[in-house]
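Q: I would like to learn how to read several features of a protein model. Please take the features one at a time, with the general idea before the case at hand.

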Amino acid sequence: MDRIKKYIDLCNPEEVQVITQENQLKELKNFVIKTGLARRLSVPDSLWFCSNPHDVARSEEATVVASDRDLGPYIKTVPVNEARCLVKELFENSMASRVAYIVPYVMGSLDSDIKKFGVTLTDSPYVVLNMAILNKVTDEALKSLDSAVIGVHSMASMDPTKKKIIHFIEDLEVFSVNTNYGGNVLTGKKCFSLRIASSLGRAQGWLAEHMLVSVVHNPICGRFVFTAALPSACGKTNLAMMNPSEEYARKGWSVTCGGDDIAWIFPKAGRLFAYNPEYGFFGVAPGTSESSNPNFMSAILKGGCIFTNTAVDEELNLPWWEGIGKPYPHKIRTWRNEVIINPNKEEGPFAHPNSRVTVPIENCPVLDPLWRSSEGFEIDAILFGCRRAAGYPLVFKARNWAEAVYFAATLKSERTSAQEGTVGVLRHDPFAMRPFFSYHIGDYLRHWLTIGESLSPQPSVYFVNWFRKDSNSMFVWPGFGENIRVLEWVIKTTKGVSTACIDSLYGLIPARDDLSLPEGVLYEHLFTIDVDDFEKELEENEHFLKALGSKCPEELWSVHESLKAMCKKVL
Ligand code: GTP
Ligand code: SPV
Ligand code: MN
């Protein structure tokens with residue numbers, strides 16, 4: 001226990017409990033209710049928490065990697081010695097007169113080769129209860145302590161100015177302090193399964209990505225597996241467990257879910273295999289309803305969930321949020337823990353826009369039976385997506401692997417409430433991984449190109465945007481269950497059934513008659529590309545590529561030059 005003991009000594013808790021048993025979790029649930037940290041809702045075995053108002057989303061500002069090297073434009077670094085001092089300073093006595101919990105867990109299936117162990121020390125019952133859903137708690141991790149990822153988390157004084165999430169990538173250690181929210185503190189999730197895992201993947205020849213894994217059962221080819229990377233709050237959970245629209249369901253289309261947020265992807269014999277290392281969902285609540293995502297709704301209502309920063313219908317003792325598809329409750333408890341009678345809409349939102357539900361994966365009614373298999377999911381296509389009101393097409397296919405890497409590397413998306421900062425502002429989010437890089441993005445791009453070279457055939461790569469808006473600021477595309485129409489085109493194109501693609505500035509787009517559009521939706525509204533806007537994009541991309549200097553793979557410059565040439569031809 002040496003790797004943990006020194007941090008217990010540093011944090012100085014009053015008591016230490018190792019959590020490995022179901023009954024300990026039960027006791028902890030009773031404890032949080034008795035002490036007023038949480039409320040029990042009328043969803044079976046479910047709890048409601050609200051967090052500190054300044055602690056409602058993952059904090060990129062406070063996230064750093066300890067390194068003495070320059071890790072490129074998207075990673076904040078702190079020199080290693082300084083980072084060690086910072087840990088000492090921030091954690092010294094941080095757990096005084098509190099209970100510290102040790103949570104040993106595994107990511108990935110215990111009987112698979114890809115599994116990895118973690119052990120987290122935390123003074124937050126909230127963290128323990130969430131980790132018990134998102135990771136599999138097992139004392140096996142304690143037997144592999146040398147290779148486990150150590151997480152140390154303390155709420156400390158919750159001073160927002162001292163919020164820090166510090167990664168020591170090579171040492172397999174993560175420290176999180178003065179926060180108690182989501183991706184900042186659930187160290188198995190973004191810190192381990194993306195940041196640490198992607199560095200391991202670089203060294204060992206695999207990928208850790210911000211991707212869902214999903215299977216489309218369809219009349220064209222039977223079973224079609226895709227992974228998809230979209231920035232935070234841009235639609236992964238919804239796409240992962242989509243309920244195809246009635247018309248498609250009748251024709252034999254259905255979707256099963258392999259995972260909704262993180263994929264570990266391994267090349268084997270020229271193919272790619274995806275695994276979801278998690279055991280639960282940490283899904284966005286607002287916008288989730290019986291009509292938008294009936295599968296997630298049903299997973300939630302099965303119970304065993306944790307609601308964070310949703311509102312509560314006080315009369316029914318049920319969670320409530322904007323877009324749940326139910327009227328405003330007569331008596332509502334807001335995410336700020338205030339009760340309002342007869343709320344009026346203008347006083348809202350009553351659930352925080354980034355409120356979340358933690359749900360055991362096995363609650364998902366369309367969970368794919370292979371979700372925990374040691375074989376993984378053999379990938380047929382990879383999707384990238386973004387949230388953009390204008391210009392970016394509904395869907396296009398990259399013409400080749402290098403172009404796919406180029407478009408993924410230059411992905412831009414509007415900020416959402418899952419990120420701190422101003423919602424709606426367009427920002428560069430390469431591979432939907434901007435907040436999760438742990439090594440230089442130039443090396444990351446090279447790694448993707450190298451993996452691509454080992455594949456045969458290379459999976460087709462597509463780009464999607466469900467979020468184009470019309471002049472009234474309404475979404476042009478109905479989205480959700482209707483996204484199956486785009487997946488139909490993806491499958492037809494990947495399988496060579498559709499050949500009538502149009503060469504556009506943004507790769508290959510569907511010919512007008514090749515994509516089935518819902519009534520009233522106009523092709524032009526989804527696919528028009530403004531050449532001037534595209535040229536501006538290219539200029540921004542050029543700045544980005546230049547900023548990478550010698551780290552920028554030559555292949556990406558070639559793609560860039562050929563897009564510039566295409567632009568000139570169109571003009
Ligand atoms: P993270 O958990 O932060 O990584 O988010 P995510 O990528 O899983 O996003 P999620 O599926 O939770 O969706 C985020 C928000 O986008 C929710 O409010 C959804 O209702 C909304 N959304 C998802 N898919 C669509 C879609 O096809 N169309 C529209 N208009 N909204 C969507
Ligand atoms: C995201 O922001 O991408 C999330 C939520 O999935 S969190 O786990 O808080 O990072
Ligand atoms: Mn995410």
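Q: How are the donor residues of the manganese ion (ligand 3) spaced in sequence?
A: Donors are N, O and S atoms within 2.8 Å of the metal (3.2 Å for Na, K and Ca); water is not among the atoms, so sites may look incomplete. In this predicted model, local features need pLDDT of at least 70, side-chain atom pairs count only at pLDDT 80 or more, and totals for chains, interfaces and linings use all residues. Residues are numbered from 1 along each chain as its sequence is written, chains are lettered from A and ligands numbered from 1 in the order in which they are written, and side-chain values use heavy atoms, with hydrogens and water left out. The spacing of the manganese donor residues is K-x19-H-x50-D. Lys190 belongs to helix α7 (residues 188-204) and Asp261 to the loop between β15 (254-259) and β16 (263-268), so this pair ties together parts that are 71 residues apart in sequence. Helices (H or I, at least four residues) and strands (E, at least two) are DSSP runs, numbered from the N terminus.

Q: Which protein atoms are the donors of the manganese ion (ligand 3)?
A: They are Lys190 (NZ), His210 (NE2) and Asp261 (OD), at 2.1 to 2.5 Å from the ion.

Q: Why is the arrangement of the six donor atoms irregular?
A: Four donors count as tetrahedral if all angles lie between 85 and 135 degrees; four count as square planar and six as octahedral if opposite donors are over 155 degrees apart and all others between 65 and 115; anything else is irregular. Around the manganese ion (ligand 3), the six donor atoms subtend angles of 66 to 173°, which makes the arrangement irregular.

Q: Is Lys190 buried or exposed?
A: Buried means under 20% relative accessible area, exposed over 50%, and partly exposed in between (1.4 Å probe, protein chains only). Lys190 has a relative accessible area of 6% and is therefore buried. Asp261, at 8% relative accessibility, also counts as buried.

Q: How many salt bridges does a search of the whole structure find?
A: Side chains of opposite charge can pair when their charged atoms come close. The criterion is a side-chain nitrogen of Lys or Arg within 4 Å of a carboxyl oxygen of Asp or Glu. The search finds 38 salt bridges. Lys189, Lys190, Lys236, Asp261 and Glu278 are linked in a network of such bridges.

Q: Which parts of the chain does the salt bridge of Arg271 and Asp380 link?
A: The N to O distance of the Arg271 and Asp380 bridge is 3.8 Å. Arg271 lies in strand β17 (residues 271-275) and Asp380 in the loop between β25 (377-378) and β26 (381-385), distant parts of the chain, 109 residues apart. Arg271 counts as buried at 18% relative accessibility, and Asp380 counts as buried at 15%. In the bridge of Asp45 and Arg40 (4.0 Å, N to O), Asp45 is partly exposed at 41% and Arg40 is partly exposed at 37%.

Q: Which residues come nearest to ligand 1?
A: A residue is near a molecule if one of its heavy atoms lies within 4 Å of it. Of the 22 residues around ligand 1, the nearest are Ala233, Lys236, Thr237, Asn238 and Arg356. A polar side-chain atom of Asp261 is 3.1 Å from an oxygen atom of ligand 1.

Q: What span should helix α12 have?
A: The expected span of a helix is 1.5 Å times one less than its number of residues. The 13 residues of α12 (residues 441-453) should span 18 Å, and the end C-alpha atoms are 18 Å apart, which agrees. In α12, 10 of the 13 residues are buried, among them Tyr444 and Trp448.

Methods: Polar contact = N/O pair within 3.5 Å; in protein donor to acceptor, adjacent residues only side chain to side chain.
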